[in-house]
Structures are given as structure tokens and as C-alpha cells.
Amino acid sequence: METLAFKTNISSPIGIQAIWDALKSVGISNFNIDFHDVNKVLKIVSEPFTPCEKIINALVGLGYQCEKLS
């Protein structure tokens, strides 16, 4: 099990169903977005491991910015 964190520009829960569908399509079943954080941090616990590129591509495909945080 691995926890991944991403900086995004997802600023509100509007459109969250599309985000949920996109993340499910790459094998993510649980995620959290901190809308109050300046980086709008998306946290994902991935089991089995899902490559970061798949997650980033899923969100970029919806028009969001997304980059992995260290």
C-alpha cells in the first residue's frame, strides 16, 4: 500500500463525479482532496500500486493540472 500526493487546481467539489470516474478507470477506489490547502492536494492510497503517470493523465484529460508532490 502506498500513499500518493498530488498538487492540483481542483478548487471545489463541483465536477467531483467526473474526477471519481476518471480515477476509478485507473484503479483508484479511494481519494481525498483538500480544497483548503493552497496546493489543492489530492491524496490517494493505492493498493495495488497505480503508476503516478496514469493518475496525472486521468486528471489532465479532464482539464485539471496535476503534479506529484515529493
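Me: Which residues have the most contacts inside the largest nonpolar core?
Reply: This is a predicted model, to be clear. The largest nonpolar core has 17 residues. Those with the most contacts inside it are F6, L23, I28, F31, L42, I44 and I55.

Me: Which elements each supply at least two residues of this core?
Reply: Two helices do, α1 (16-25) and α2 (52-60). So do the strands β1 (2-8), β2 (31-33) and β3 (42-46).

Me: And where does the largest share come from?
Reply: From α2, with four residues.

Me: What does I55 touch, leaving out residues up to four places away in sequence?
Reply: L4, F6, L23, V26, I28, L42, I44 and T50.

Me: Zooming out, what pattern does the chain follow?
Reply: Along the sequence, the protein chain reads β-α-β-β-α-β. That comes to two helices and four strands.

Me: What radius of gyration does the chain have, and what would a compact globule have?
Reply: The protein chain has 11 Å. A compact globule with 70 residues would be near 11 Å, so the two agree.

Me: How much of the chain counts as buried?
Reply: Of its 70 residues, 31%. The chain exposes about 4400 Å², and carbon and sulfur atoms supply 52% of that.

Definitions and conventions: Residues numbered from 1 in each chain as written. Predicted model: local features only at pLDDT ≥ 70, side-chain atom pairs only at ≥ 80, totals over all residues. Heavy atoms only, no water. Core = buried A, V, L, I, M, F, W, Y, C linked by side-chain atoms within 4.5 Å. Buried < 20%, exposed > 50% of the residue type's maximum accessible area, 1.4 Å probe, protein only. Contact = heavy atoms within 4.5 Å. Rg over C-alpha atoms; globule rule 2.2 N^0.38 Å. Areas by Shrake-Rupley, 256 points an atom, 1.4 Å probe, with all protein chains shown as cover.
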